[in-house]
Amino acid sequence: MIELEVPLDDRSYPVLVGAGARHRLLEVLPIGVRRAAVVTQEGIDWRVDPGVESEVFTIGDGEDAKHLGTVEDLCRDLARWGMTRADVVVAVGGGVVTDVAGFVAAIYHRGVPVVHVPTSLLGQVDAAIGGKTGVNLPEGKNLVGAYWQPTAVLCDTETLTTLPPREQRSGRGEMAKYAFLGVDDLPDLPLDEAVAACVRCKAEVVASDEREGGRRAILNYGHTLAHAIETAGGYDLRHGEAVAVGLVYAAEVARRLGRIDDDRVAEHRKVVAGYDLPLSLPPGLDHEHLVDLFGRDKKAVTGTTFVLDGRRGVEPVAVDDRALLLDALEAIRG
């Protein structure tokens with residue numbers, strides 16, 4: 001078992017990575033906790049034993065369940081159950097579950113503790129770490145949410161063995177991002193070590209900038225286009241696959257701005273292709289609409305902001321040249 005920590009002073013918490021990590025749930029629950037509300041989805045077969053009185057609450061499947069109606073329904077279910085601040089939320093599932101359950105934990109009774117047990121590769125390397133929670137609006141991804149750090153995260157790699165190939169590939173989209181954030185040789189590492197390497201990188205960034213005032217934005221590398229694609233809809237692309245396309249697009253934008261050269265763009269394409277991920281946009285997407293959607297991204301404060309590679313590494317960059325953005329989209333047309 002690999003034991004890591006997200007260092008946030010008095011709110012620091014452990015992240016356990018390895019086969020069977022979910023069985024250590026009782027030891028990471030807050031001291032004196034009375035009951036556990038286990039939030040999951042119908043299709044998730046992995047069960048946990050909190051070691052205290054518990055009740056299971058299910059939410060809908062997929063990204064379509066990640067909305068304010070789900071949050072209200074879950075809060076009302078918890079209220080009818082009689083949940084108090086002496087209880088804990090345990091989120092068991094992929095990124096949708098940890099995002100929704102974490103947000104509910106942040107706002108129910110103005111905050112109750114939460115433990116994440118991510119069962120997808122995407123959840124283990126990214127979504128469950130760092131305290132970002134939230135849901136979507138029709139106008140954009142993750143526009144309503146809160147920062148709410150978990151008490152602990154249990155990344156049980158045993159749960160990854162039954163993931164469908166498409167879900168595995170989606171998780172690799174987030175892993176590909178870490179190749180440009182300083183994590184080397186990811187494809188060559190055993191699964192536990194690869195997950196831990198991503199967690200270690202994210203934990204260090206989160207500790208330096210918990211609420212995304214600056215550096216933490218680099219964790220959104222590839223996400224500006226990905227979120228625009230997801231908001232536009234009408235495509236067959238999972239989140240991690242959209243991030244992969246977003247990585248290639250960000251490289252094309254950076255080259256046009258003179259931040260990187262053709263070889264670095266080729267390296268982005270090589271890394272993404274090496275994970276068997278898409279390199280181009282789904283056919284039929286309206287490029288003008290995608291550029292309009294860039295302005296709704298959470299990083300956009302005084303205009304369109306991208307996270308781009310460059311000589312100083314990956315960093316947020318304001319990009320106001322609409323023609324350049326459209327030209328870069330042409331380079332990844334499906």
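# Questions on a predicted protein chain

Trainee: Does Thr162 count as buried or exposed?
Mentor: This is a predicted model, in which local features need pLDDT of at least 70, side-chain atom pairs count only at pLDDT 80 or more, and totals for chains, interfaces and linings use all residues. Residues are numbered from 1 along each chain as its sequence is written, and side-chain values use heavy atoms, with hydrogens and water left out. Buried means under 20% relative accessible area, exposed over 50%, and partly exposed in between (1.4 Å probe, protein chains only). Thr162 has 55% relative accessibility, so Thr162 counts as exposed.

Trainee: How far apart in space are Thr162 and Asp45, C-alpha to C-alpha?
Mentor: Thr162 sits in the loop between β9 (152-155) and α5. In sequence, 117 residues separate Thr162 from Asp45. In space, their C-alpha atoms are separated by 9.8 Å.

Trainee: Which helix holds Ser170?
Mentor: Helices (H or I, at least four residues) and strands (E, at least two) are DSSP runs, numbered from the N terminus. Ser170 falls within residues 165-178, and that run is helix α5.

Trainee: What is the relative accessible area of His289?
Mentor: His289 belongs to helix α10, which covers residues 287-294. His289 is classed as partly exposed, because its relative accessible area is 34%.

Trainee: How far from His289 in space is Ile229, C-alpha to C-alpha?
Mentor: Along the sequence, His289 and Ile229 are 60 residues apart. The C-alpha atoms of His289 and Ile229 give a spatial distance of 9.6 Å.

Trainee: What is phi of Asp185 near?
Mentor: Asp185 lies in the loop between α5 and α6 (191-208). At 52% relative accessibility, Asp185 is classed as exposed. The phi of Asp185 is positive, in a residue other than glycine, and near 60°.

Trainee: And Glu212: buried or exposed?
Mentor: Glu212 also has a positive phi in a residue other than glycine, near 55°. The loop that holds Glu212 runs between α6 and α7 (223-232). The relative accessibility of Glu212 is 18%, so Glu212 counts as buried.

Trainee: How many strands are there in the protein chain?
Mentor: The helices number 11. Over residues 57-169 the chain is 35% helix and 28% strand. For the protein chain, the strand count is 11.

Trainee: What radius of gyration does the protein chain have?
Mentor: Taken along the principal axes, the C-alpha atoms fill a box of roughly 55 × 40 × 35 Å. The radius of gyration is taken over C-alpha atoms, and the globule rule is 2.2 Å times the number of residues to the power 0.38. With 334 residues, a compact globule would come out near 20 Å, which agrees with the value for the protein chain, 19 Å.
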